[in-house]
Amino acid sequence: MLTAIATLALALSGSTYEATSQDAVLPASAQAMTAGEVHELFSNKSWKWENGAGRMKAEGRRFSAWVDGENDKSWAEGRWLVTKTGQMCLDATWHSASGAFPARTCFSHMVDGGTIYQKREPDGKWFVFRHVPPQDGDEANTLLATDLVSGRLKDMKAAVGPTMQPSKE
């Protein structure tokens, strides 16, 4: 299980999550994004990661992803959801050579004057996801309308091979 979760953590640990220079103090006037705003931000987008990508389809709120890391390959399918409190969660089963493991990863979103702040739950740090005006290094720039997942998913499934959920002992 740790391998699959570690793979997901690595996939979501692009430069923004590693760089403390991106950390931001959340302004007191920031407010939680609405479910509609979060949905619009992620709907029908691919989130490009350092070693993979995740796709949030509007239809059925389907989520799929792949990761091709140095030590592990994995893929996921499940759902993405948004909450009234500005969270977007990826709720999927990740498949790797060591098995299939369910995982939920959530991100909170706040907005202040058009600037979007994000943090990974439960213990991430707030950072500017999208500046106003947008800047080259914004993490929001890695959300692309292009489907970066569907074409690779079949290949990743074949590379990982059949996986089964671990037995509960």
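This is a predicted model: local features need pLDDT of at least 70, side-chain atom pairs count only at pLDDT 80 or more; totals for chains, interfaces and linings use all residues.

User: Which residues of helix H4 are buried?
Analyst: Helix H4 spans residues 150-160, and its buried residues are Leu153, Met156 and Val160.

User: Why do they line one face of the helix?
Analyst: Viewed down the axis of H4, the buried residues fall within an arc of 70°, so they line one face.

User: And what is exposed on the other side of H4?
Analyst: Gly151, Lys154 and Ala158 are exposed there.

User: What do the buried residues of H4 pack against?
Analyst: They pack against three strands: S4 (62-68), S5 (73-82) and S6.

User: Where does Gln87 lie?
Analyst: Gln87 lies in strand S6, which covers residues 87-96. Its side chain forms a polar contact of 3.4 Å with the side chain of Ser108.

User: Which other residues does Gln87 touch?
Analyst: Leaving aside residues up to four places away in sequence, Gln87 touches Val38, Leu81, Val82, Cys106, Phe107 and Glu121, as well as Ser108.

User: Switching to helix H3, which residues are buried?
Analyst: In H3 (residues 35-42), Val38, Leu41 and Phe42 are buried. Seen down the axis of H3, these residues fall within an arc of 80°, so they line one face of that helix. Val38 is also among the residues that Gln87 touches.

User: What about phi after each helix?
Analyst: Just after H4, Gly161 has a positive phi of about 80°. H3 is followed by Asn44, with a positive phi near 55°.

Definitions and conventions
Residues are numbered from 1 along each chain as its sequence is written. Side-chain values use heavy atoms; hydrogens and water are left out. Helices (H or I, at least four residues) and strands (E, at least two) are DSSP runs, numbered from the N terminus. A polar contact is a pair of N or O atoms within 3.5 Å; within protein, one must be able to donate a hydrogen and the other to accept it, and residues adjacent in sequence count only if both atoms are side-chain atoms. Contact means heavy atoms within 4.5 Å. Buried means under 20% relative accessible area, exposed over 50%, partly exposed in between (1.4 Å probe, protein chains only). The arc is that of the directions from the helix axis to the C-beta atoms.
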